[in-house]
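This report concerns the pairing of charged side chains. Please consult the sequence and the structure as you read.

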Amino acid sequence: MSMRKKEERKRRIRPQFQTTKFLLSVSVFIIWVLCSIQIVLLVRIRTEIYDIALLANGTELGDLYLNDYFPIIFPIITTLSCFLFLLNFLACIGSATNNEVLLGWYFFVTLSTFCMEVSLQMWNIELHRMTLEPEDLHHMKDLMEKYKQHSTAPQWFINSWNNIQEKHECCGVESFADWAGGLESMVTSCIRHYSTRDDRLKKMIEMPGCSDAIIDVLTDSRLMRSSAYVTIVMTVSQIFTLIFTLRLWIGICLKKPEAEKRRRVMTSSLHHHGKGSCEVKYADEMKYPDDLSNYSQEDEVMRHHGRR
């Protein structure tokens, strides 16, 4: 009777593990997708925002990007995203093989990356508090004066100004007059959307400067917001992953001592009672097989022979 109770208990435990493994697999898959999205966003951020940050070089906002974000935070986020993508293979292997060592490593390493992601969110909070001060506009104009001439203007400078002037329909730092005295052809990108000459002249005079647009790109960029949202969702997914991993890990660790204890009891019984105990054990196993679906007529015949 005790053997039957153990089998029933084993069948009750197994579906719980299967549910936990399924939920863990779903969480891991979500993190894989989020890591892939994050890597794509980071590539676009590096391509589209870095040159805009160079235009604000010398300002507090520009220095925050050029001295803190791109040299330090950007590589950390990129490394964490790639590392998490690979780390989740440990969860899959540990879950499939019931390996408590792999699950334990996965739990504690994921917990460490989770803490790092939470601390990196503090940078985003600091970023949204930043703005351009009046003296910062002078720094941007000084940089523009430095690169006004075609002979000295680098390609990133020309491309960045052309992109921001075309996209945001602005001109110069404060107005189109900032381009006077050199690189006057840059004004063309301010009014490229207008066909007639009169419309171009009228719009060029009314067109605002790009300082506000630069602030919007650096403090409230769609790419930066998307990256922040992905990081938040990834952090929440990691919380669920940690919960499922811990539950599975504890369940496996508690189950293994029971199996080891049963093995020692059986071994001790074999040593003390010899062959007769083997025959009783064999008969009990045939009476309460683990897999009832495979209990055929041939097994019934073997059981009768065992009794004889």
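**Salt bridges in the model**

A salt bridge is a side-chain nitrogen of Lys or Arg within 4 Å of a carboxyl oxygen of Asp or Glu. By this rule, the count is 3 salt bridges. Side chains of opposite charge can pair when their charged atoms come close.

The model is predicted, so local features need pLDDT of at least 70 and side-chain atom pairs count only at pLDDT 80 or more, while totals for chains, interfaces and linings use all residues. Residues are numbered from 1 along each chain as its sequence is written, and side-chain values use heavy atoms, with hydrogens and water left out.

Glu48 and Arg44 form a salt bridge, with their closest N and O atoms 3.1 Å apart. Both residues belong to helix α1 (residues 2-48), where they are 4 residues apart, about one turn of the helix. Helices (H or I, at least four residues) are DSSP runs, numbered from the N terminus.

Glu48 is partly exposed at 37% relative accessibility, and Arg44 is partly exposed at 34%. Buried means under 20% relative accessible area, exposed over 50%, and partly exposed in between (1.4 Å probe, protein chains only).

Lys141 and Glu174 meet in a salt bridge at 2.2 Å, N to O. This pair links distant parts of the chain, 33 residues apart: Lys141 lies in helix α5 (residues 134-146), and Glu174 in the loop between α6 (155-168) and α7 (197-206).

Asp178 also forms a salt bridge with Lys141, at 3.8 Å between the closest N and O atoms. Asp178 lies in the loop between α6 and α7 and Lys141 in helix α5, so this pair ties together parts 37 residues apart in sequence. Asp178 is buried, at 11% relative accessibility.

Notes: Helix = DSSP H or I, 4+ residues; strand = E, 2+ residues; numbered from the N terminus.
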